[in-house]
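Dear colleague,

Please find the structure below, handed over for your study.

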Amino acid sequence: MKLKDGVFLAALPSKHTSKVHELIKEVYPALIPANNVLQTTLQNANPVIHPSVTLLNAALIERTKGDFYFYEDGVTTAVGRLMKEVDKERIAIGHRLGFSIIEDPVLGMKQGYMQEATYDKGYSEAIGFKGIGAQSTLDHRYLNEDVGYGLIFMAELGKEIGVETPVMDSVIKLASIIMDRDYRGEKKRTIETLGLNKYNLSDLLEIL
């Protein structure tokens, strides 16, 4: 699937972004220069989508070994409500950092694989998600990566800059319980483990 728009690019440090973009824009015309790597990190919506759908379909995954369609069957109105609330917190973190994070279904339409900017039918009826099967086990990257590295990073970043993330925290807690592991305690990727917690917000943005 070739995305037609809405793929964000940032160099590290971001003063080199325009140079990198100029080098590859003809090959990847969907690229959009971002403020910095925090924006590209936050714009990744996998931690918004995958853990929410997985948690609310946990029994079905265990019972059927993933014998259903992850989006077409797994996303309903209730599941969409959870994704939307997680997304709101992600957007709030971006706002606090000084840039706009696009709502995921809106970005999905820009990129061309979604046809409706909603958190339920937008996913369950998306052309780009047709036929994607669910994972056969809960021990899968949809929790281990998207919670352990994604939501943990976002929630800890929010804490560092003064943005509350009660919904993300709830998803992290529930994922930790059902997987019998402490994703937060593992600190796979946080501001602290990246060595960035020694900077205040303005200094951090300057460095990036």
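**Helix H5 and its neighbours**

H5 passes H10 in a left-handed crossing. Please bear in mind throughout that the model is predicted.

How do these two helices lie against each other? H5 and helix H10, which comprises residues 166-179, pack with their axes 8 Å apart and at an angle of about 125 degrees. An angle of that value makes H5 oblique to H10. On the H5 side, the contact involves Leu82, Glu85, Val86, Glu89, Arg90 and Ile93; these residues meet Pro166, Val167, Met168 and Val171 of H10. Sorted by class, this contact of H5 with H10 holds seven nonpolar and three charged residues, and no polar ones.

Helix H5 covers residues 77-97, which is 21 residues, so at 1.5 Å a residue it should span 30 Å. Which residues of H5 are buried? They are Val79, Gly80, Met83, Val86, Asp87, Glu89, Arg90, Ile93, Gly94 and Leu97. As background for reading such a list, an α-helix has 3.6 residues a turn, so residues three or four places apart point the same way. After H5 comes Gly98, with a positive phi near 100 degrees.

**The packing of H9 with H10**

Helix H10 also packs with helix H9 (residues 146-161), at an angle of about 150 degrees and with the axes 10 Å apart. Because angles over 145 degrees count as roughly antiparallel, H9 is roughly antiparallel to H10. The crossing of H9 and H10 is left-handed. From H9, the contact is made by Val147, Leu151, Ile152, Met154 and Ala155, while H10 contributes Met168, Asp169, Val171, Ile172 and Ala175. By class, the residues of the contact of H9 with H10 are nine nonpolar and one charged, with no polar residue.

**Ser136**

Where is Ser136 placed? Ser136 is in the loop between helix H7 (121-124) and helix H8 (141-144). With a relative accessibility of 46%, Ser136 counts as partly exposed. Apart from neighbours within four places in sequence, Ser136 is in contact with Ile61, Lys65 and Gly66. Ser136 and Gly66 are 70 residues apart along the chain, yet their C-alpha atoms are separated by 4.2 Å.

With kind regards

Technical notes:
Residues are numbered from 1 along each chain as its sequence is written. This is a predicted model: local features need pLDDT of at least 70, side-chain atom pairs count only at pLDDT 80 or more; totals for chains, interfaces and linings use all residues. Side-chain values use heavy atoms; hydrogens and water are left out. Helices (H or I, at least four residues) and strands (E, at least two) are DSSP runs, numbered from the N terminus. The expected span of a helix is 1.5 Å times one less than its number of residues. Buried means under 20% relative accessible area, exposed over 50%, partly exposed in between (1.4 Å probe, protein chains only). Axes are lines fitted to C-alpha atoms, for helices over the stretch in contact, and angles run from 0 to 180 degrees between N-to-C directions. Angles under 35 degrees count as roughly parallel, over 145 as roughly antiparallel, 65 to 115 as roughly perpendicular and the rest as oblique. A crossing is left-handed if the near helix is turned anticlockwise from the far one by less than a right angle, and right-handed if clockwise. Contact means heavy atoms within 4.5 Å. Ala, Val, Leu, Ile, Met, Phe, Trp, Tyr, Cys and Pro count as nonpolar, Asp, Glu, Lys and Arg as charged, and the others, Gly among them, as polar.
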